[in-house]
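Good morning. Please have the sequence and the model open while I talk.

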Amino acid sequence: MSADASRLDAYWMPFTANRQFKQAPRLLTRADGMFFRDDKGREVLDGIAGLWCVNAGHNRPRIVQAIQNQAAELDFAPPFQMGHPKAFELADRLARLTPAGLNRIFFTNSGSESVETALKMAIAYHRVRGEGARTRLIGRERGYHGVNFGGISVGGMVANRKMFGSLLAGVDHIRHTHDAARNAFTVGQPAHGAEFADDLERLVALHDASTIAAVIVEPVAGSTGVLIPPQGYLQRLRDICDKHGILLIFDEVITGFGRTGQPFAAQTFGVTPDLMTVAKGLTNGCVPMGAVIAQQKIHDTFMTGPEHLIEFFHGYTYSAHPLACAAGLATLDTYAEDGLLTRAASMEAEFAQALLSLRDEPNVIDIRNIGLVGGIELKPLDGQPAKRAFDIFLDCWDQGLLIRTTGDTIALSPPLIIESGHIARIIDTLRAALRRAA
Ligand code: PMP
């Protein structure tokens, strides 16, 4: 089926330049492994695992089968005051993958919902403990935590915030960690910038710790340009949180499920948060699902708290949806069978070297990487931020490669099944596009 312009009007597309898109639509109709096909039958190499989610590659038969079977067996089960076996099984399997202590799983349907859930959980936790004044939330500049009101409030992307009024009250931000002057072209974690964590001490001095519930950060900020945490930074944040009784939330929506070389970035960086948000790779992108993974102590505080009928008054109609749970279980089986949760660690050096081979191409001003995530930052066109990178996105699409751009950074996050030949094709296509754009 090819695009008929008159049939494109009704769908108001998210985060898309609708008017431009509908003049030259890009329609995907099939997918398999590392590749999409478009409506003209062209093969398109997936350089971004769909949207940081299809970690095991597309249309894996085991996952497809599990979803089909589940749809025929139990299509829906109410999640409030009722359960179904696969929800418990998936929670148990997840708890075994996460860092020690993070073993209580609350299911949601997306990254954004996971973030809202974690923020509410943090505030409610302090209240149950008798510290109800701890309501302030701290995010970070250049953070992305989804698009709901809590997420855009703690988030730090101006375009996501400026149209939407005054946002949540009682939110502050620490600075982002990007320091181009000191860290450009670092392979892996930058050497400089652990001291950015000390911004949290300044906020404690300003507001007093007794008013602060939690700080939320992405271990690796993806949507704002692939920002790798400086060495020692996350530990320093952890230490400051511990000193002041502030909860540390890692938003692992993109870093979860093997992206950085361990199941979770918390393990890659050796720092354990109190709450962790996940989504995307949890079901290999096949069925919408997210989760908040809480420390046992947080869960136990609710279970021994004053509200004995319902401990945490929160949830979604589709929490732990049977199709999502079936997809999640088959996804974890696929990751285990193919060794995918640590595969990024063994591909990291090759991927980094390939990325760095673009260093001297026109307009490349920085390259960043960890595991199977890469960012290539371009010098913005005068007066037209983001345009140069977007033009390269369009050129790559024409050449059969899907990449993602955010501002003037090209982000790569391929499926974790990637082989050397795919890496070479991504880099060759990008190199040619960079040269043409110059
Ligand atoms: N948090 C982070 C770190 C993300 O990268 C994203 C999505 N890219 C989200 C939250 C939001 O997830 P969703 O789009 O599933 O709501």
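Predicted model: local features only at pLDDT ≥ 70, side-chain atom pairs only at ≥ 80, totals over all residues.

Start with the chain as a whole. The protein chain holds 16 helices and 15 strands. Its C-alpha trace spans about 65 × 55 × 45 Å along the principal axes. Buried residues account for 48% of the 438 residues. Now take the contacts between residues at least 6 apart in sequence: 72% of them join residues at least 24 apart.

Next, the domains. The domain assignment gives two entries: domain 1 (5-56 + 340-437) and domain 2 (64-337). Note that domain 1 is written as two segments, 5-56 and 340-437. The centres of the two domains, taken over C-alpha atoms, are separated by 26 Å. How many residues does each domain bring to the contact? Domain 1 brings 32 residues and domain 2 brings 28 residues. On the side of domain 1 that touches domain 2, at least two residues each come from helix H2 (49-52), helix H14 (343-356), strand E11 (364-370), strand E12 (373-378) and strand E15 (409-412). By class, that side of domain 1 has 15 nonpolar, eleven polar and six charged residues.

Now the core. In soluble globular proteins, nonpolar side chains tend to be buried together. Here the largest nonpolar core has 116 residues. The residues with the most contacts inside this core are Ala 122, Ala 214, Val 215, Leu 237, Ile 249 and Leu 275. Which helix gives the most to the core? That is helix H13 (residues 322-337), with nine residues. Why does the core lie between the two domains? Domain 1 and domain 2 both give residues to this core, so it lies between them.

Take Ala 122 as an example from that list. Setting aside neighbours within four places in sequence, Ala 122 is in contact with Ala 213, Ala 214, Leu 247, Ile 249 and Leu 275.

On to the ligand. It is surrounded by 14 residues, and the closest are Ser 110, Gly 111, Ser 112, Gly 146 and Val 253. Helix H5 (residues 111-128) gives the most to this shell, with three residues. What classes of residue make up the shell? There are five nonpolar, seven polar and two charged residues.

Arg 142 sits in the loop between strand E5 (136-140) and helix H6 (149-154). Its phi is near 60 degrees, a positive value in a residue other than glycine. Arg 142 has 21 other C-beta atoms within 10 Å, so it is buried. Asn 363, in the loop between H14 and E11, also is not a glycine and has a positive phi, of about 70 degrees. Is Asn 363 buried or partly exposed? It counts as partly exposed, because it has 17 C-beta neighbours inside 10 Å.

Arg 259 is in the loop between strand E8 (247-251) and helix H11 (265-269). With 30 C-beta neighbours inside 10 Å, Arg 259 counts as buried. Not counting residues up to four places away in sequence, it touches Ile 254, Ala 344, Gly 371, Leu 372, Val 373 and Ser 413. Arg 259 and Pro 415 are 156 residues apart in sequence, yet their C-alpha atoms are 8.8 Å apart in space.

One is Asp 428, which counts as partly exposed because it has 14 C-beta neighbours inside 10 Å. From Asp 428 to Ser 357 there are 71 residues in sequence and 10.0 Å in space, C-alpha to C-alpha. The other is Gly 421, which is exposed, with 9 other C-beta atoms within 10 Å. Gly 421 and Val 271 are 150 residues apart along the chain, and their C-alpha atoms are separated by 34 Å.

Technical notes:
Residues numbered from 1 in each chain as written. Core = buried A, V, L, I, M, F, W, Y, C linked by C-beta atoms within 7 Å. Buried ≥ 20, exposed ≤ 12 C-beta atoms within 10 Å, placed from the backbone. Helix = DSSP H or I, 4+ residues; strand = E, 2+ residues; numbered from the N terminus. Domains from an automatic or database assignment. Contact = placed C-beta atoms within 7 Å. Near = placed C-beta within 6 Å. Nonpolar A, V, L, I, M, F, W, Y, C, P; charged D, E, K, R; others polar.
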